Amino acid sequence: MPAISLNKAPQPSKTDPAQIRNFCIIAHIDHGKSTLADRMLGITGVVEARNMREQYLDRMDIERERGITIKSQAVRLPWRSGIDGKEYILNMIDTPGHVDFTYEVSRSLAACEGAILLVDCAQGIEAQTLANLYLAMENDLTIIPVLNKIDLPAAQPDKFAEELSKLVGCKPEDCLRVSGKTGAGVEELLDQIVAQIPAPKGSADAPARALIFDSVYDTYRGVVTYVRVFDGKLSPREQIQMVSTGVRHELLDIGVISPEPVSSAGIGVGEVGYLITGVKDVRLSRVGDTVTSYHNPAKEALSGYKDPKPMVFSGLYPIDGDDYPILRDALDKLQLNDAALAYEPETSVALGFGFRCGFLGLLHMEIVRERLEREFNLSLISTAPNVVYRVFLEDGSEKIVTNPSEYPNGKVAKVLEPIVKATILSPSDYIGTIMELCQSRRGTLGGMDYLSEDRVEIRYTLPLAEIVFDFFDQLKSRTKGYASLDYEPIGEAEGDLVKVDILLQGDTVDAFSSIVHREKAYPYGVMMTTKLRELIPRQQFEVPIQAAIGAKIIARENIRAIRKDVLAKCYGGDITRKRKLLEKQKEGKKRMKMVGRVEVPQEAFIAALSTNTDGESGKTKK
Amino acid sequence: MERPRSSARTALSLYIHIPYCSKRCGYCDFNTYTPQELNSHNLALITTPYIDSVLKELELAAERTGGGIVPTIFFGGGTPSLMPAAEIGRIMKKITEVFELEKDVEVTLEANPDTLSRAYLDQLVVAGINRISIGMQSAVPHVLSALDRTHDPDNVIKACELVRAAGINRLSVDLIYGVPGESISDWQKTYQAALELPIEHVSAYALIVETGTKLAARIKRGELVMPPDDETAEKYLLFDDAAEERGFNWYELSNWSKEGGACRHNISYWNGSYWWGIGPGAHSYLNGKRWWNVKHPNTYQSALQNGDSPEASSEQLTESNLRDEFVMLQIRMREGIPLNRLSKEELNKVEKFRESGHLEGDSWEAGNLILSRTGRLIADRIVREMLM
């Protein structure tokens with residue numbers, strides 16, 4: 001067996017860089033990355049079969065349920081090469097697989113010398129995988145193309161070997177064929193990692209420099225920071241410093257993951273491990289930052305550090321106003337573990353007290369919301385997601401708008417909105433419908449390439465706002481789920497945008513204001529007014545519902561005044577029942593929100609903000 | 001359990017529940033039973049032991065209250081007019097024995113127009129009945145049939161004449177509107193017929209579809225369709241106009257009467273007076289406590305036969321309960337609520353209804369919250385707004 005028992009394997013801080021291989025796995029959701037990782041843990045013997053559980057490395061319930069990896073992690077795998085018979089340490093760095101986490105992916109890639117490009121050979125490569133592959137190639141990583149799930153009856157390894165070889169620039173026969181499920185080909189893959197991926201280089205004598213590629217908050221231990229050492233060495237009890245923030249910490253614990261944390265005498269050049277300093281907030285230990293020694297600091301930080309920048313915003317409000325402090329504490333806690341999550345208090349006339357939250361993207365938003373609801377037992381209303389706008393007024397001043405209701409009225413010289421480069425991979429049958437969708441979303445075709453005879457890569461430039469609406473859903477439904485999408489921000493562009501306000505009896509309902517392209521203003525107005533007419537109960541007066549751009553009304557509906565709300569009979573036996581009903585209604589009243597004089601049940605807001613009656617003109621939260 | 005007798009004698013209205021009907025109407029969810037439901041074809045066999053139990057509960061009530069002064073008695077049901085007059089007489093006799101009747105006591109009996117005869121009415125007068133309330137419901141056969149009522153509309157006229165001939169001048173009819181299939185003109189026909197009758201009082205109720213009734217099931221199945229609320233509101237306003245024109249003034253939002261013809265018994269429910277409900281399922285209210293009896297006539301009777309109280313459950317009203325009930329009930333009355341009984345916050349909340357014309361402006365200026373005609377139609381909403 002090429003597995004080596006842990007205590008006989010080369011020990012952390014005493015491992016020659018020549019014996020180390022750092023790699024990650026680039027794969028799409030469902031392509032079997034976690035299963036392959038599990039298999040590697042088994043074959044290298046770091047997890048005994050009886051302790052194995054599925055998707056061992058995915059820590060959060062939500063991750064395991066959704067079958068996706070949100071946070072990366074690194075595992076130290078000892079391996080005796082079947083080719084040269086020598087002992088090696090393989091550090092497997094698990095990468096997040098979703099479009100929202102491109103920056104985290106890039107930092108994970110920066111910690112590696114090589115990457116396994118893992119593709120389900122029943123499905124072929126997906127857009128996000130392709131994007132991450134390009135990212136890996138830009139980082140000069142050695143790519144090992146691997147076709148997974150060769151045990152499946154629907155597997156087409158020859159077809160996809162062709163596709164991969166074109167993308168990677170190798171021969172089809174260079175693509176390894178494995179099955180994470182059965183274990184076929186995995187030992188050979190481990191050997192090829194040793195053979196093909198270069199050993200890390202670095203100076204053991206230089207001042208320490210380690211790249212933070214992940215940072216996770218743990219209730220018991222505080223922030224656990226995952227690093228890859230490039231130069232020098234980090235040791236226990238040492239004083240360290242974060243270069244970008246300048247924060248100084250003491251290393252309370254340092255070690256490696258195999259796959260549970262094991263303290264070590266330190267970690268040296270090329271090694272991957274964890275640090276614990278006792279800090280409680282991941283923002284003090286930021287992904288991409290460089291860790292150095294406080295007393296002997298490096299002169300230069302490792303390159304590539306960026307502040308995470310929220311791209312998508314949404315207002316989050318507790319359904320029960322009394323839960324506001326719980327929501328605040330919950331966001332504080334989540335932020336300990338999520339440096340990309342931004343939020344600030346916000347007050348909505350319609351929804352009360354809440355927070356305007358900034359996310360990396362839609363998935364990030366959904367995950368945060370789900371965690372708030374699940375882990376903190378909160379019931380929330382969220383406003384429709386929007387992007388950030390830069391509005392230039394005629395007087396030359398500039399305003400950043402992250403909440404549509406703050407969009408200035410009138411005197412707007414121009415508006416800039418974020419633009420993304422989107423890559424869509426799809427069977428070629430759907431080219432027409434995809435182009436139609438992108439065109440209707442103000443897209444500009446950037447180019448198109450055939451990956452194989454019947455698979456195509458389509459590139460578009462699109463406003464992010466259009467993707468934030470219901471682009472994913474539309475793309476998936478129009479292509480029967482076959483198309484995949486990746487996008488990356490490429491800057492800003494001027495847009496012909498207007499703010500549509502929704503007014504109830506003349507009062508703007510801030511939660512429904514939306515910034516839309518001028519041509520979409522009317523359909524949006526009609527959709528919202530119609531929907532609200534159905535959702536808002538009749539009041540004792542007539543309630544006009546209007547959609548307006550500035551002072552101009554573009555759509556209107558009417559809720560007629562209620563004429564009857566009384567029970568005709570109230571005699572001896574009815575009194576108790578009637579009073580109890582009144583008491584119950586008092587409770588329900590708490591869930592009513594006032595917009596001007598109009599009483600709107602919270603259910604109406606939830607329904608108006610979350611359902612979608614018309615896919616094309618409608619905005620949804622997904 | 002005996003309460004200490006109070007020295008000052010309490011005024012106590014009595015409700016006597018007669019839980020029997022020859023047939024159950026489709027809309028009715030009252031606590032009433034047909035002979036078939038009780039496995040008997042002879043109502044008399046059922047009623048005599050039932051009345052015995054009623055007498056026992058009357059004794060219990062007198063014992064508990066120290067035999068108060070009775071201003072009103074109301075025989076409701078069910079169909080009290082199914083009872084032989086002699087049984088009504090037994091009850092009245094017991095009441096006079098254990099309580100003291102107020103000099104001008106009001107004694108009402110609910111009657112089905114089909115069951116009245118001159119001889120029967122004469123006996124009722126002897127027994128002490130001085131007010132009759134007839135369940136007319138509608139003058140339109142297809143509306144009556146939607147309600148499962150079988151009487152001939154002409155019988156109502158005859159019944160009223162009989163009542164007057166028997167010397168009972170205090171006469172009321174009950175009407176129901178907003179019934180599936182009832183048009184505006186059906187309703188106009190009904191109330192015009194009612195207002196022609198020799199009556200001094202009329203109750204008009206918008207139909208309430210109670211869950212669990214045959215009517216509710218038929219609506220659910222789509223056999224019957226409820227008219228829109230707006231139309232029912234329109235019917236209320238039409239009736240209110242017509243009634244006022246004929247000298248019937250509203251004194252509670254579903255009740256109209258000529259001068260002096262208001263039902264004092266029902267008013268006692270709304271103004272917080274004490275009342276004792278005798279019979280299965282009947283509610284009572286005394287000294288801040290409300291309780292209600294076991295529901296089934298058999299359970300009711302066996303409790304009393306064993307010398308136990310038939311009380312099923314009770315609630316002690318808190319200050320806040322009492323306050324809610326005061327607002328909820330008093331607002332239904334023509335006298336309305338004196339503004340000085342409302343808090344500043346409540347006044348602020350209710351102000352908008354004055355602006356929208358749901359409260360009478362003149363009365364507001366004069367210091368009273370009184371519902372306007374349109375306000376009566378949304379009384380429950382106004383109460384919710386005010387109390388929340």
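## Close-up views of the model

**View 1. The crossing of H1(B) and H2(B) is right-handed, a crossing being called right-handed if the near helix is turned clockwise from the far one by less than a right angle, and left-handed if anticlockwise.** The structure is a predicted model, in which local features need pLDDT of at least 70 and side-chain atom pairs count only at pLDDT 80 or more, while totals for chains, interfaces and linings use all residues. Residues are numbered from 1 along each chain as its sequence is written, and chains are lettered from A and ligands numbered from 1 in the order in which they are written. Helices (H or I, at least four residues) and strands (E, at least two) are DSSP runs, numbered from the N terminus. In chain B, the axes of helix H1 (residues 43–65) and helix H2 (residues 85–98) come within 10 Å and cross at roughly 15°; axes are lines fitted to C-alpha atoms, for helices over the stretch in contact, and angles run from 0 to 180 degrees between N-to-C directions. H1(B) and H2(B) are therefore roughly parallel to each other, the term used for angles under 35 degrees, with over 145 counted as roughly antiparallel, 65 to 115 as roughly perpendicular and the rest as oblique.

**View 2. Residues of H1(B) meet residues of H2(B).** Those in H1(B) include B:Thr47, B:Ile51, B:Val54 and B:Leu55, and those in H2(B) include B:Glu87, B:Arg90 and B:Ile91; residues are in contact if their C-beta atoms, placed from the backbone, lie within 7 Å. By class, this contact of H1(B) with H2(B) has 8 nonpolar, 1 polar and 4 charged residues, where Ala, Val, Leu, Ile, Met, Phe, Trp, Tyr, Cys and Pro count as nonpolar, Asp, Glu, Lys and Arg as charged, and the others, Gly among them, as polar.

**View 3. The contact between the chains takes 37 residues from chain B and 23 residues from chain A.** On the side of chain B that touches chain A, the elements that each supply at least two residues include strand S6 (201–206), helix H8 (229–245) and helix H15 (379–387). The largest share of that side, 6 residues, comes from H15(B), and its residues divide into 17 nonpolar, 8 polar and 12 charged. For the complex, the predictor gives an ipTM of 0.91 and a pTM of 0.69.

**View 4. In chain A, 6 strands form an open sheet of mixed pairing, in the order S2-S3-S1-S4-S5-S6.** Strand S2 (74–80) and strand S6 (176–177) of chain A stand at the edges, each with a single partner strand, so one side of each is left without a neighbour in the sheet. Strand S1 (residues 20–26) and strand S4 (residues 114–120) of chain A run parallel and are joined by 4 bridges, two strands being paired if DSSP finds at least two bridges between them. A:Phe23 has A:Gly114 in S4(A) as its bridge partner. Helix H5 (residues 157–168) of chain A packs on this sheet, touching S4, strand S5 (142–148) and S6 of chain A, and its direction makes about 165° with that of S5(A).

**View 5. A hairpin joins S16(A) to S17(A) through 3 residues.** Strand S16 (residues 342–348) and strand S17 (residues 352–359) of chain A run antiparallel and are joined by 7 bridges, and A:Pro345 stands opposite A:Phe355 in S17(A).

Technical notes. Contact = placed C-beta atoms within 7 Å.
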